[in-house]
Amino acid sequence: MKILVTGGAGFIGGNFVHYMLREHPEDEILCVDALTYAGNMETLAPVMDNPHFKFIKADIADRETIYAIFEQEKPEVIVNFAAESHVDRSIENPAIFLQTNVMGTQVLLDACRKYGIQRYHQVSTDEVYGDLPLDRPDLFFTEETPIHTSSPYSASKASADLLVQAYHRTFGVPVTISRCSNNYGPYHFPEKLIPLMIANVLNDKPLPVYGDGKNVRDWLYVEDHCSAIDLIIRNGRVGEVYNVGGHNEKTNLEVVQLIIATLGKGEIQFVRDRAGHDRRYAIDPTKIHNELGWLPKTKFEDGIQKTIQWYLDNKPWWENIISGEYQNYYERMYGNR
Ligand SMILES: NC(=O)c1ccc[n+]([C@@H]2O[C@H](COP(=O)([O-])OP(=O)(O)OC[C@H]3O[C@@H](n4cnc5c(N)ncnc54)[C@H](O)[C@@H]3O)[C@@H](O)[C@H]2O)c1
């Protein structure tokens, strides 16, 4: 199979590239990434010499370039990870989220129509379902839960999902969608909770926790997300949505306390809450388990140890990121809260 992976220089896309080249050495992987602040060629450095891997720098919303790539490379399967992905940034500046997450998705879908493909897979998020109350632990998101978004980020991802489903219904594009809970693991950009806390502990900086820290997220080790997508593109039913999550619910405070306990130091600093902050996400993964036999392999307690060790072993990767422009962003986000 020739698989076009968009956003492969980012966190999950990068892990997916590594996963696929390891698990399916017969496949060819073509990565298209615009290399925004979140894209990092260091993430792809270990595979750049692999003859089954090719990288092209391009914006998924650039129609002419994307059409040229489809024409020349003739990908059979598209897995679209490319997105603006950080909720805080979407509150600061929603426009780029609509441009990449919605218009970029449309360009890819148009290219699929024009050139023909076997499968288009949209990597979506549980955030399209909104949030659940903290006092109803019996409630979970299923694929039937109505779309009910909170942030410009989740609204843009939900819009893209609707567009993907419309291109299937109206034009017959063979699509699938996965909606996954929060991922963690290697190559995670240090603006997100877990890598931010690890980097701050290692740099002796306070650990900024939003509000009361009681917001609940359902954490999935990134490789388990990759294995779910791999199963969906091979065996998933066209036109279907699959929720992906591992029943690993933790409050933000619990996660931060676990990192402090593991590293043996760290000082929490509660900061003003994020506007519109979702309280609880929790995925019901029954469908992907029953239909495709998917189960997560990594328990949170093991995954977090592996992740912390990766950040200890790969300091240059994240130290490069948190120098320079990222400092200005960090000050805007946490400086005066
Ligand atoms: N991180 C999570 O916990 C999580 C959970 C569920 C779903 N998702 C979804 O998974 C996908 C990947 O998330 P991530 O955390 O790896 O994001 P990320 O921000 O780490 O990476 C995004 C990548 O997309 C690239 N990109 C951005 N705009 C682009 C454009 N216009 N054209 C081409 N490339 C572009 C960036 O350069 C970067 O390499 C996203 O679609 C996100 O919505 C993420």
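Let's start with Asp204: this residue is exposed, at 60% relative accessible area. Exposed here means over 50% relative accessible area, buried means under 20%, and partly exposed lies in between, using a 1.4 Å probe and protein chains only. Asp204 also has a positive phi of about 55°, and it is not a glycine. Its place is the loop between helix 7 and strand 8 (207-210).

A word on the model before I go on. This is a predicted model, where local features need pLDDT of at least 70, side-chain atom pairs count only at pLDDT 80 or more, and totals for chains, interfaces and linings use all residues. Numbering runs from 1 along each chain as its sequence is written, and side-chain values use heavy atoms, with hydrogens and water left out.

Now step back to helix 7, residues 193-202. Helices are DSSP runs of H or I with at least four residues, strands are runs of E with at least two, and both are numbered from the N terminus. How many residues of helix 7 are buried? Nine of its ten. Among them are Ile194, Pro195, Leu196, Met197 and Ile198. Asn200 is on that buried list too. Asp204, with its positive phi, comes just after this helix.

Tyr187 is another non-glycine with a positive phi, about 65°. Is Tyr187 buried or exposed? Buried, with a relative accessible area of 15%. Glu191 has its place in that loop between strand 7 and helix 7 as well. Glu191 counts as buried, because its relative accessibility is 3%. Which side chain does the Glu191 side chain contact? That of Tyr37, in a polar contact of 2.8 Å. A polar contact is a pair of N or O atoms within 3.5 Å; within protein, one must be able to donate a hydrogen and the other to accept it, and residues adjacent in sequence count only if both atoms are side-chain atoms.

Next, the ligand. Some distances. An N or O atom in the Ser85 side chain sits 2.7 Å from a ligand oxygen. A backbone N or O atom of Thr36 is 3.0 Å from an oxygen of the ligand. A ligand nitrogen is 3.0 Å from a polar backbone atom of Ala34. On its own, the ligand has 830 Å² of accessible area, and the protein covers 96% of that. Those areas come from the Shrake-Rupley method with a 1.4 Å probe; for residues, only the protein chains shown count as cover.

Last, the whole protein. There are 13 helices and twelve strands. The radius of gyration is 19 Å, close to the 20 Å of the globule rule for 337 residues, so the protein is as compact as a globular protein of that length. That radius is taken over C-alpha atoms, and the rule is 2.2 Å times the number of residues to the power 0.38. The C-alpha trace spans about 55 × 45 × 35 Å along its principal axes. Of the 337 residues, 56% count as buried. The accessible surface is about 14,000 Å², with 49% of it belonging to carbon and sulfur atoms.
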